[in-house]
Amino acid sequence: MMKNFTILFLGLAIISCKQPTNSETGETTTDTLRYKQEVHLKNVRQLTWGGNNAEAYWSFDGKSLVFQSDYSEWGVACDQIFTLDVNNPSTGTRPNMVSIGLGRTTCAYFLPGDSLIVYGSTHLADSLCPPVPPRTDKYVWPIYEGYDIFVADLEGNIIDQLTSEEGYDAEATVSPNGDRIIFTSTRSGDLELYTMNLDGSDVVQLTDELGYDGGAFFSPDGSKIVWRASRPQTEEEINEYKELLAQGLVQPTKMELYVANADGSDARKITSLGNANWAPFFTPDGQKILFSSNHASKRGFPFNLFMVNLDGTGLEQVTFDDTFDSFPMFSPDGKYLVWASNRNNGGTRDTNLFVAEWVD
């Protein structure tokens with residue numbers, strides 16, 4: 001769920017800082033987009049140039065990405081869904097838009113066969129972009145009640161609607177086994193995780209603790225899930241969480257990571273780092289979690305990618321940007337990593353997509 005993640009916790013100032021390179025052509029021929037400390041990355045390539053581009057997820061065949069963008073030069077007023085060829089990204093024209101251009105969209109994912117995608121959209125509630133919450137002293141994400149989950153083909157035609165419950169239904173991702181979708185919903189009155197079949201049937205609730213459960217992904221073998229969660233503890237925190245949720249808002253500044261079996265059993269917290277730990281994804285061997293965190297940041301930024309064992313040990317920093325790195329996802333063969341970053345943006349707020357070879 002993007003919700004202007006591209007300026008996540010940076011929203012009060014434009015951050016101008018040193019970047020690895022600044023290519024005017026958008027073509028990178030050497031590994032100049034990688035910081036020297038980033039030993040797990042090799043041959044970094046930039047895939048987009050302008051706007052806020054994030055949540056890029058691989059097709060099952062590893063050739064394409066589906067992502068969301070609000071880039072105004074592509075003729076959109078808020079986040080819409082696009083696909084691109086990883087090996088032939090177009091720097092001069094708009095990539096293929098697969099959402100219908102109405103409402104706001106989020107969290108697209110390929111279905112098995114790569115001819116269909118699932119994504120969240122508010123277009124049935126309102127054809128216009130929903131309003132962004134006004135800025136206050138608290139950073140909040142909107143939880144738009146109009147979100148439902150849809151299936152579309154690569155020409156942008158909606159094929160099916162998978163959810164129709166009142167409230168928020170979004171953040172859908174698909175098991176590598178191609179049999180289940182996991183998503184977040186407020187149908188219980190709280191933000192909880194659910195799974196369903198690819199046709200929307202057999203909905204099963206996985207979590208039931210108070211707090212925001214979202215951004216879930218399956219392990220490579222489909223046996224486990226990982227997600228981000230907030231867990232208000234004090235009476236003040238609980239009241240604040242409930243009051244914000246009643247307004248369709250959530251405060252994402254305190255989140256930790258959890259792992260469970262795919263049916264929700266044996267759920268356990270694997271980080272206790274503080275601040276915001278989110279956008280988790282399993283490493284190709286299923287033994288570690290790659291995620292974004294600002295736990296070491298006193299000002300709310302930077303966010304960088306970190307890696308941790310499933311038992312919470314062995315924390316390792318992976319990226320070393322000065323502003324923002326997040327939304328990591330490994331290709332199906334485990335050879336490549338795609339993520340969103342503020343690097344190489346010339347000091348603007350633009351967040352772009354990058355891909356690199358993964359080095360163990």
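A cavity is a set of grid points where a 1.4 Å probe fits but cannot get out. Welcome to this predicted model, which holds three cavities of 30 Å³ or more. The structure also has one disulfide and an open sheet of four strands. The notes below take these topics in turn.

**The largest cavity**

- The largest cavity has a volume of about 120 Å³, and 14 residues line it.
- If you want to find its centre, look for Glu55, Tyr57, Gly215, Phe217 and Phe327, which are the lining residues closest to that point.
- Five strands each supply at least two residues of this lining: S2 (53–58), S11 (169–174), S15 (213–218), S20 (277–282) and S24 (325–330).
- Strand S20 contributes the largest share of the lining, with three residues.
- Sorted by class, the lining of the largest cavity consists of nine nonpolar, two polar and three charged residues.

**The second largest pocket**

- Helix H1 gives the most, with five residues.
- The lining of the second largest pocket divides into seven charged, six nonpolar and five polar residues.

**The cysteines**

- A disulfide is a covalent bond between the sulfur atoms of two cysteines.
- Here the bond joins Cys78 to Cys129, with 2.1 Å from S to S.
- The link of Cys78 and Cys129 is left-handed, with -90° about the S-S bond.
- This pair connects distant parts of the chain, as the two cysteines are 51 residues apart.
- Cys78 sits in the loop between strands S3 (64–69) and S4 (80–85), while Cys129 belongs to the loop between strands S7 (116–121) and S8 (141–142).
- Cys78 is buried, because its relative accessible area of 3% falls under the 20% cut-off.
- Cys129 is partly exposed, with a relative accessible area of 30%.
- Cys107 is in no disulfide, and the nearest cysteine sulfur, that of Cys78, is 14 Å away.
- Cys107 also counts as buried, at 4% relative accessibility.

- Strands S6 and S7 pair in the antiparallel sense over four bridges.
- Within this pairing, Tyr109 stands opposite Val118 in S7.
- The two strands form a hairpin with five residues between them, and Gly113 in the turn has a positive phi of about 100°.

**The open sheet of four strands**

- This sheet has the order S1-S26-S25-S24, with antiparallel pairing.
- Strands S1 (41–46) and S24 stand at the edges with a single partner strand each, so one side of each is left without a neighbour in the sheet.
- The twist averages 25° from one strand to the next.
- Strand S1 is joined by four bridges to strand S26 (residues 352–358), and the two run antiparallel.
- Arg45 has Val355 in S26 as its bridge partner.
- Strand S24, at one edge of this sheet, also supplies at least two residues of the lining of the largest cavity.

Conventions: Residues are numbered from 1 along each chain as its sequence is written. This is a predicted model: local features need pLDDT of at least 70, side-chain atom pairs count only at pLDDT 80 or more; totals for chains, interfaces and linings use all residues. Side-chain values use heavy atoms; hydrogens and water are left out. Ala, Val, Leu, Ile, Met, Phe, Trp, Tyr, Cys and Pro count as nonpolar, Asp, Glu, Lys and Arg as charged, and the others, Gly among them, as polar. On a 1 Å grid over the protein atoms alone, a cavity is a set of points where a 1.4 Å probe fits but cannot get out, and a pocket is an open set with protein on both sides within 12 Å along at least five of seven lines; lining residues have an atom within 4 Å of a point. Grid points are joined across faces, edges and corners, and a volume is the space filled by probe spheres set on the points. A disulfide is a pair of cysteine sulfur atoms within 2.5 Å. Buried means under 20% relative accessible area, exposed over 50%, partly exposed in between (1.4 Å probe, protein chains only). Two strands pair if DSSP finds at least two bridges between them. Axes are lines fitted to C-alpha atoms, for helices over the stretch in contact, and angles run from 0 to 180 degrees between N-to-C directions.
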